Amino acid sequence: MYPTALTQLARANPFSAPLFSLQKVEEPQQSVHGQRQTRRLAAAATADDSEFPPVSSEMSCPYSLACVSSEGDSCEFGSQKYFVLCGFGGILSCGTTHTAVVPLDLVKCRMQTAATLVISTSCEVKPVAACEEGNPLNTNVSCEFGSNKYYALCGFGGILSCGITHTAVVPLDLVKCRLQVDPDKYKSIGNGFSVTVREDGVRGLAKGWAPTFIGYSMQGLCKFGFYEVFKIFYSDLLGEENTYLWRTSLYLAASASAEFFADIALAPMEAVKVRIQTQPGYANTLRECVPKMYGEEGIWAFYKGVVPLWMRQIPYTMMKFACFERTVEMLYKYVVPKPRSECSKGEQLVVTFVAGYIAGVFCAIVSHPADSVVSVLNKEKGSTAVQVLKRLGPKGVWKGLVARIIMIGTLTALQWFIYDSVKVYFRLPRPPPPEMPESLKKKLGLTE
């Protein structure tokens, strides 16, 4: 049973190790206590799939293992070169992935090592939570709520949250776009990955990463930065009581206003990204694609998709911010067993992630039809959004929805998590969930 199990393990090797078969190998005869030792079988790694020779019941010694590299292998299995190259693979896999998450790891470590107490100006020791929430004399924040520094750091948080997350899911985004523009060739998510790897190799899954990073970093800057600006601006116009009563409408209006400008910043790089991903052979890099598009269609090539972008991104962002804000409010009210002021920073970030994922699922559904139109429009020359919409039909606009839900749900959750982590790291003011003003409670007769 031992050689059979050994062969099955070798064949099940996901890294295509050489197959094992049994070969007879003669060894020098030696006497043990006056008796000759019987011949032993050596299991040698060979490239063929020959049948195992019969095993004699008289064999008293176990099978020894001798590996011989098959044709096409760069080295012998188990050799020094084999071990060195395996170690090099480990260096790349661990070094690359851990370096990619350095910003998040830094925030996590600082949250763990940060002191849980702060010293007030009167030298009295107070808990951080008590100083952070609702205290106008709070010395634990780095800037005033609504100041220029506050807006600038919120915009920086938007750059990190959108740029990093959208670049991380480029392979899934590439397959999603190809499902939308060529459903006959790319049947499903799995099939899309296999066809792409077969035609372009593993590197082909990273096509469009540069315009994705640049474009969505600019979008994140405008989206999150302007959202904070418009939210405070509209709140000042409404007044304290109306801000509370109409807070959902406030979130919708502020996010829509911010996304209007964010899409103008995103449109050029989005057009380049889609052209690279959906037209194999057109261009492989940002530097190659931009001059080619400009030479063929002029500056309009980069902005012809801005209206469909508004159609896709404005409903998406309105849902993203309004759903997130209200979900956070409901989680603290009905799920979290203690007020936010008593929650640790880690607990608050967990609530942020959960609320972000819930918002992301709704975002994907609301914005998917327009996303399909944008993908087809940026691939084709001379088409309009109305023409593409008519050609796709009611069923065609929902192609790739599953991939988009997975991508956008994860994406939105990570974006909110990173954005909130940046606020924690830079000690920005983070107001608690809205509560009914005392003046409104008196008007409604809710206080004695």
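**Labels and the values behind them**

Me: Why is Phe 224 called buried?
Reply: Its relative accessible area is 0%. Buried means under 20%. So Phe 224 is buried, in what is a predicted model.

Me: What makes Trp 416 buried or exposed?
Reply: Its relative accessible area is 4%. That is under 20%, so Trp 416 counts as buried.

Me: How many aromatic pairs are there?
Reply: The count is 20, taking ring centres within 6.5 Å.

Me: Why is the pair of Phe 224 and Trp 416 called edge-to-face?
Reply: The ring centres are 5.5 Å apart, and the planes stand at 80°.

Me: Why is the pair of Phe 230 and Phe 261 called stacked?
Reply: Their ring centres are 6.4 Å apart, and the planes meet at 10°. Stacked means under 30 degrees, so this pair is stacked. Phe 230 is in helix α8 and Phe 261 in helix α10 (residues 247–278), 31 residues apart.

Me: What makes Phe 230 buried, but Phe 261 partly exposed?
Reply: Phe 230 has 17% relative accessibility, under the 20% limit, so it is buried. Phe 261 has 38%, between 20% and 50%, so it is partly exposed.

Me: Which residues do ring pairs link into a cluster?
Reply: Phe 226, Phe 230, Phe 233, Tyr 234, Phe 260, Phe 261 and Trp 310.

Me: How do you know that the charged end of Lys 292 sits over the ring of Tyr 282?
Reply: It lies 4.4 Å from the ring centre. The limit is 6 Å, with an angle within 35 degrees of the ring normal. The charged end of Arg 275 also sits over this ring, 5.2 Å from its centre.

Me: Which residues touch the most other members of the largest nonpolar core?
Reply: Among them are Phe 224, Trp 416 and Leu 428. This core has 28 residues. Helix α13 (306–335) gives the largest share, seven residues.

Me: Where does Tyr 282 belong?
Reply: Tyr 282 is in another core, of twelve residues, which lies apart from the largest one. Ala 283, Met 293 and Ala 301 are also among its members.

Technical notes: Residues numbered from 1 in each chain as written. Predicted model: local features only at pLDDT ≥ 70, side-chain atom pairs only at ≥ 80, totals over all residues. Heavy atoms only, no water. Phe/Tyr/Trp six-rings, centres within 6.5 Å; stacked < 30°, edge-to-face > 60°. Buried < 20%, exposed > 50% of the residue type's maximum accessible area, 1.4 Å probe, protein only. Helix = DSSP H or I, 4+ residues; strand = E, 2+ residues; numbered from the N terminus. Core = buried A, V, L, I, M, F, W, Y, C linked by side-chain atoms within 4.5 Å.
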